[in-house]
Amino acid sequence: MKGYNMAGLDDYRFYSHLKEKESPFWQKNPYGSEEDIVDSTGPIRRPSEFPSKLQPSKMESSYEKAQVPPASDVPLEKYGEVSINLVSLCADNLLSHPFIVLRRQCQVNVQSRRYHLLPITLVPSVVQLHRCQGLTALWKGLGSVLTIRGVTMALEDCVSKFTPWPKEISPHSSLKMIGQHLMLKCCALALITPFYSASLVETVQSEIASERPGVLDVFKEGLTRLLSFTQPQTGRMLPVWLLVIPTVTHGIMQYIVGNAVSTLSSQFLLRIHRQDQKKQGAVSKDPWTLSETSFIRLQAAFVGHLVSDVLLYPLETVLNRLHMQGTRTIIDSLDVVYEVKPILTRYEGFWDCLGTTVREEGILGLYKGFGALCLQYALYGAVLKFAHVIIREVTLLLAPPKPKPKPQGGEQCPEPTDQDCETHAPVIKTNVISKGLI
């Protein structure tokens, strides 16, 4: 009975019926009824056996077929990722550096009469600065800035290895993991604070009135300020522990705002793209193609960086002034390019610097050099559009040709003869004209 239960009730009845008629009960005609008994030479198959058309090995899942990309698309995805990384790297580190130099020079210059809130006021100053000091005046401190970013990444990696704090998180991470990740960022920013001060000095100091810094000077000055953690080197220089809190606050807020806005922007842009496809009547099964994904990522990163820099610009101005106090740095004056001015301030802390700036320079004093930020992201947007065109052209160039549809039944379509072309040509022409009129 156990074997019959496993075979099924239908099998049991069929086998019993065959046994009564003294027939071999292991044979069955798949095309007949249960009353018909086939010859031993016919096809043999148990009733509980899968039909050949429904074998699991031959079944194709449309979901799996849609999810798994073809092998020819894998290199294209790799090329897209490499192009995205290169564009982001160049835009963030190289193309933006001259505008960062101009922005910082305006922020730390307390005595400047021009605030340079618009890009048009910076153009004459940049031209005169280029004539007086050359093109290198806008690229000073690039090595130290890249060094600071590399050291920050190295510190995050080291801290993540000695602590349970994750270096990377995903949108599905828990709140505990997100909090630990933010703690990792805070520790790295706190350790890099004295080195950031040394890098800031190299980006704003005048090349005319100062010696050109060496490659390792950023580490030398940073270690010097780190060793004097509680006591400053000079009377006006603030100790590092007073700079840690505003530096960490600015860095972590910039990270949170930038990533949050970037994530929301990517979802918003994807929704707009899907709506445009629905209006055109051609909605793709997989919206994350190479060109669309790369362009949406670049756009989202652009919006995230822009929003975070604009919202935190006053905080960045106060932070840079605190770092520059007591460093005895001489900077170029963007009011009159042929002049240099020393930085002479005496702030006691973050709130004192904020109140003094608003009282003496007005609320717009916190936005000095905002025109350089506008120029920076105008160039960033142009590079973004150019990258989109390049990635799209590369995708079309490297994409394999689409296979031609095969006729049903495996038959080849006969080649049209001259008589067929003459016969069907007027009909096709009439249809085209009629469609155009409609």
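**Figure 1. A salt bridge joins Glu361 and Arg321.** Glu361 pairs with Arg321 in this predicted model. Their closest N and O atoms are 2.9 Å apart. Glu361 belongs to helix α13 (residues 350-361), and Arg321 to helix α12 (residues 313-324). The pair therefore ties together parts that are 40 residues apart in sequence. Are these two residues buried or exposed? Buried means under 20% relative accessible area. Glu361 has 10% relative accessibility, so Glu361 counts as buried. Arg321 has 3%, so Arg321 counts as buried too.

**Figure 2. Glu361 also meets Lys368.** The side chains of Lys368 and Glu361 form a salt bridge. The N to O distance is 2.9 Å. Lys368 is buried, and so is Glu361.

**Figure 3. Three residues share one salt-bridge network.** Which residues take part? They are Asp157, Lys161 and Lys167. Salt bridges with shared partners join them into one network.

**Figure 4. Lys185 and Glu156 link two helices.** The side chains of Lys185 and Glu156 meet in a salt bridge. Here the N to O distance is 3.1 Å. Lys185 sits in helix α8 (residues 175-204), and Glu156 sits in helix α7. The two residues are 29 residues apart, and the pair links distant parts of the chain. Both Lys185 and Glu156 are buried.

Figure 5. Which residues of α7 are buried? They are Leu142, Ser144, Val145, Ile148, Thr152, Glu156, Val159 and Ser160. An α-helix has 3.6 residues a turn, so residues three or four places apart point the same way. Look for that spacing along the helix. Among the buried residues of α7 are Ile148, Thr152 and Glu156.

**Figure 6. The whole chain puts the close-ups in context.** The chain has 15 helices and two strands. The structure holds eight salt bridges. How much of the chain is buried? Buried residues make up 35% of its 438 residues. Now take the contacts between residues at least 6 apart in sequence. Of these, 74% join residues at least 24 apart. The chain exposes about 27,900 Å². Carbon and sulfur atoms supply 62% of that area.

Terms used: Residues numbered from 1 in each chain as written. Predicted model: local features only at pLDDT ≥ 70, side-chain atom pairs only at ≥ 80, totals over all residues. Heavy atoms only, no water. Buried < 20%, exposed > 50% of the residue type's maximum accessible area, 1.4 Å probe, protein only. Helix = DSSP H or I, 4+ residues; strand = E, 2+ residues; numbered from the N terminus. Salt bridge = Lys/Arg side-chain N within 4 Å of Asp/Glu carboxyl O. Contact = heavy atoms within 4.5 Å. Areas by Shrake-Rupley, 256 points an atom, 1.4 Å probe, with all protein chains shown as cover.
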